[in-house]
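Please read it alongside the entry shown here.

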Amino acid sequence: MSSLGELRPPPAGMPAPDPAPPVVAESGDPFAALRVVDLVARLERGRPIALAALVDRLNATHLGWLFDSRVVADALLQLQANWMADYRNTTGIVLDDGPTGPRLTIEDSSRVDPWIARQAQRLARACAEVLDEFSRRDRATGGG
């Protein structure tokens, strides 16, 4: 088997070879959950925000992704469960029904930002593990 050697630069006008395929967000997927947590980290604190507004913002921000309310709600419920496990109260991440449907309120306190950052770091590690596992799989041709 011969080596390819040094590659030439691409010809002028060549598009980038790495467009990403569209992704339908799924519950339990760390890549989707990380995007939800990133948005939650940026939300105004102490004010109820409609779940529908979160879904709309995620879909507008991540154009190659499709988020539905069930997936976003599942990620928020997991965040709420993690908060309850860490702090033994329900005031940090509140999900309730408002006049126009489900909504989220994030506690306005100094403990929220570092906690959300830790949640995002945990999810980023989970994403890295998925990518590492993917890179170790056998190749489709059986040569790996």
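**Helix packing and salt bridges**

1. Helix H2 (residues 51-61) and H3 have axes that come within 10 Å and cross at roughly 110°. Axes here are lines fitted to C-alpha atoms, for helices over the stretch in contact, and angles run from 0 to 180 degrees between N-to-C directions. H2 and H3 are therefore roughly perpendicular to each other; the classes are roughly parallel under 35 degrees, roughly antiparallel over 145, roughly perpendicular from 65 to 115, and oblique for the rest. Helices (H or I, at least four residues) and strands (E, at least two) are DSSP runs, numbered from the N terminus.

2. On the basis of the values: this is a predicted model, in which local features need pLDDT of at least 70, side-chain atom pairs count only at pLDDT 80 or more, and totals for chains, interfaces and linings use all residues. Residues are numbered from 1 along each chain as its sequence is written, and side-chain values use heavy atoms, with hydrogens and water left out.

3. Which residues form the contact of H2 with H3? Leu51, Leu54, Val55 and Leu58 in H2 meet Ser69, Val72, Ala73 and Leu76 in H3, where contact means heavy atoms within 4.5 Å. By class, the residues of this contact divide into 7 nonpolar, 1 polar and no charged. Ala, Val, Leu, Ile, Met, Phe, Trp, Tyr, Cys and Pro count as nonpolar, Asp, Glu, Lys and Arg as charged, and the others, Gly among them, as polar.

4. H1 also packs on helix H3 (residues 69-87), at an angle of about 70° and with the axes 10 Å apart. H1 and H3 are therefore roughly perpendicular, and their crossing is right-handed. A crossing is right-handed if the near helix is turned clockwise from the far one by less than a right angle, and left-handed if anticlockwise. From H1, Ala33, Val36, Val37 and Val40 meet Val72, Ala75, Leu76 and Leu79 of H3. The contact of H1 with H3 has 8 nonpolar, no polar and no charged residues.

5. For H1 and H2, the packing angle is about 115° and the axes lie 11 Å apart. This pair is therefore roughly perpendicular, and H1 passes H2 in a right-handed crossing. Arg35, Val36 and Leu39 in H1 meet Leu54, Arg57 and Leu58 in H2. These residues divide into 4 nonpolar, no polar and 2 charged.

6. How many salt bridges does the model contain? The count comes to 8, a salt bridge being a side-chain nitrogen of Lys or Arg within 4 Å of a carboxyl oxygen of Asp or Glu. Asp68, Arg70 and Asp74 are linked in a network of such bridges.

7. Aspartate 113 forms a salt bridge with arginine 45, with 2.5 Å between the closest N and O atoms. Because aspartate 113 lies in helix H4 (residues 112-136) and arginine 45 in the loop between helix H1 (30-42) and strand E2 (49-50), the pair ties together parts that are 68 residues apart in sequence. Arginine 45 is buried, with a relative accessible area of 15%, whereas aspartate 113 is partly exposed at 48%. Buried means under 20% relative accessible area, exposed over 50%, and partly exposed in between (1.4 Å probe, protein chains only).

8. Within helix H4, arginine 136 forms a salt bridge with glutamate 133, the closest N and O atoms being 3.8 Å apart. These two residues are 3 residues apart in the helix and are separated by about one helical turn. Arginine 136 is exposed, at 56% relative accessible area; glutamate 133 is partly exposed, at 43%.

9. Arginine 103 lies in strand E5 (residues 101-106), and its side chain meets that of aspartate 96 in a salt bridge (2.9 Å, N to O). Both partners are partly exposed, arginine 103 at 26% and aspartate 96 at 28%. Leaving aside neighbours within four places in sequence, the contacts of arginine 103 include Pro48, Ile49, Leu51 and Val94. The C-alpha atoms of arginine 103 and alanine 52, which are 51 residues apart along the chain, are separated by 8.0 Å.

10. A backbone point concerns arginine 88, whose phi is near 60°, a positive value in a residue other than glycine. Most residues other than glycine have a negative phi. Arginine 88 is placed in the loop between H3 and strand E4 (93-98) and is exposed, at 68% relative accessibility.
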